[in-house]
Amino acid sequence: MDIYVSDFETPARTAEQQAWDIAATVVDPEIPVLTIADLGILRKVDVGTDGGVRVTITPTYSGCPAMDAIRDDLYKAFEKEGYEDVQVDLVLAPAWTTDWMTEAGKQKLQEYGIAPPSGHPRAGGHSGPVRLSLAVKCPQCNSLNTKELTRFGSTSCKALFVCQDCKEPFDYFKVL
């Protein structure tokens with residue numbers, strides 16, 4: 001599936017590009033420094049010949065409680081811009097992956113104090129008898145001397161870590 005990334009310097013943007021730009025202003029209610037485009041959950045925006053808009057989003061987890069708020073915020077964003085016919089579709093396949101996050105989004109996480117996902121999800125499970133885990137860098141002091149406190153943090157997509165050097169706890173956005 002092709003993902004449109006806005007080019008604000010192009011004067012003649014298509015209706016889809018304009019609609020994408022509106023949808024891309026919606027922020028994640030759990031991590032308000034990230035837009036749904038930064039997270040990669042904004043998958044597609046179509047504009048029909050009648051001017052109706054269909055937005056496709058994919059949750060980070062199938063039971064993500066933020067999706068209702070995101071849907072409502074999408075309706076509000078389009079209403080504010082004068083769109084009357086808006087449909088938001090929630091799709092579960094293909095499943096969201098942290099590979100869909102933008103580099104700018106990962107940087108925003110770091111600056112916000114959440115360690116961004118590092119590495120790549122492994123399709124098909126682990127492939128050897130020894131499973132290695134990589135250190136998670138502290139977003140406060142950049143130390144790799146960190147420890148996972150709990151696999152489930154403030155939201156399902158994050159784990160809670162603590163830095164052994166600066167002693168600060170922090171969320172880590174898990175690789176999926």
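Hi everyone. Let me begin with a definition: rings of Phe, Tyr and Trp, with the six-membered ring used for Trp, count as a pair if their centres lie within 6.5 Å. Please keep in mind that what we have here is a predicted model.

With that in hand, let's look at the aromatics. How many aromatic pairs does the structure hold? There are four. Take Phe 78 and Tyr 83: their ring centres are 5.3 Å apart and their planes stand at 90°, so this pair is edge-to-face. Phe 78 has 0% relative accessibility, so it counts as buried. Now turn to Phe 161 and Phe 170, where the centres are 5.8 Å apart but the planes are at 25°, so the pair is stacked.

Over the ring of Trp 100 sits the charged end of Arg 43, 3.5 Å from the ring centre.

Next, helix H4, which covers residues 103-112. Which of its residues are buried? They are Gly 105, Lys 106, Leu 109 and Gln 110. Looking down the H4 axis, these buried residues fall within an arc of 145°, so they line one face of the helix.

Finally, after H4 comes Gly 113, with a positive phi near 100°.

Thanks, everyone!

Notes
Residues numbered from 1 in each chain as written. Predicted model: local features only at pLDDT ≥ 70, side-chain atom pairs only at ≥ 80, totals over all residues. Heavy atoms only, no water. Buried < 20%, exposed > 50% of the residue type's maximum accessible area, 1.4 Å probe, protein only. Helix = DSSP H or I, 4+ residues; strand = E, 2+ residues; numbered from the N terminus. Arc of directions from axis to C-beta. Phe/Tyr/Trp six-rings, centres within 6.5 Å; stacked < 30°, edge-to-face > 60°. Lys NZ or Arg CZ within 6 Å of the ring centre and 35° of its normal.
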